[in-house]
Amino acid sequence: MYETNDEVLDLIFRKARTHNVWLEKPVDDALLRQIYDLAKMGPTSANICPMRILFVKSKDAKEKLKPALDAGNIDKTMRAPVTAIIGMDVHFYEKLPKLFPHADAKAWFKDLPENVLKYVALRNSSLQGGYFMLAARSLGLDCGPMSGFDNAKVDAAFFAGTTVKSNFLCNLGHGDVTKLFPRSPRLSFEEACQMM
């Protein structure tokens, strides 16, 4: 049986927090590649892998993102070294000949209504977004995921003319632990789970 490492579990779960204040410490592009290379290994339905990530780093790109942000998310996003737009390719099936080569998986999806494709892409890109955050934390970065933004504005600014739609945003960097709020409660096993 595999022995769990408390240090690793603390790093990615027990002591990991959502950060809103960032240290002025850059995030190297090579580290962002490492994060993706870990996150891409997590499972999705029929290996559809719909997540697409746009890493917003430059001042110009941040200014382009700013009008789409809710007021409470502007400062923390402008100060974060990186903001990952976790997107989803609604026409993910176009990549299935590569991603699921042992069957004609493209045929399973290509004629589905757009709203069904969006639902499938949303579920699976959200799952991949979770893998992404676990990968970032495991490689020493802090995360600040959020949904307080105008998806239509983000899509128009960053994904116009494509089949990619935004799902959520995730600020990345080295968080200032002195500015963390106390951890909010979680539901107990008994409150959240059942066995039948």
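Select helix H4, residues 71-79, which lies across E2, E3 and strand E4 (164-173) and runs at about 150° to E3; helices (H or I, at least four residues) and strands (E, at least two) are DSSP runs, numbered from the N terminus. The angle is taken between axes, which are lines fitted to C-alpha atoms, for helices over the stretch in contact, with angles running from 0 to 180 degrees between N-to-C directions, and contact means heavy atoms within 4.5 Å.

What you have open is a predicted model, where local features need pLDDT of at least 70 and side-chain atom pairs count only at pLDDT 80 or more, while totals for chains, interfaces and linings use all residues. Residues are numbered from 1 along each chain as its sequence is written, and side-chain values use heavy atoms, with hydrogens and water left out.

Next, select the four strands of the open sheet, whose order is E1-E2-E4-E3 with antiparallel pairing; two strands pair if DSSP finds at least two bridges between them. The edge strands, each pairing on one side only, are E1 (51-56) and E3 (142-146), and the twist averages 30° from one strand to the next. Zoom in on E1 and strand E2 (residues 82-89), which pair in the antiparallel sense over six bridges, and find Met-51, whose bridge partner in E2 is Met-88.

Finally, move to Leu-117 in helix H7 (residues 114-138). Is this residue, Leu-117, buried or exposed? Leu-117 is buried, with a relative accessible area of 1%, where buried means under 20%, exposed over 50% and partly exposed in between (1.4 Å probe, protein chains only). Not counting residues up to four places away in sequence, Leu-117 touches Val-90, His-91, Phe-92, Tyr-93, Phe-109 and Leu-112.
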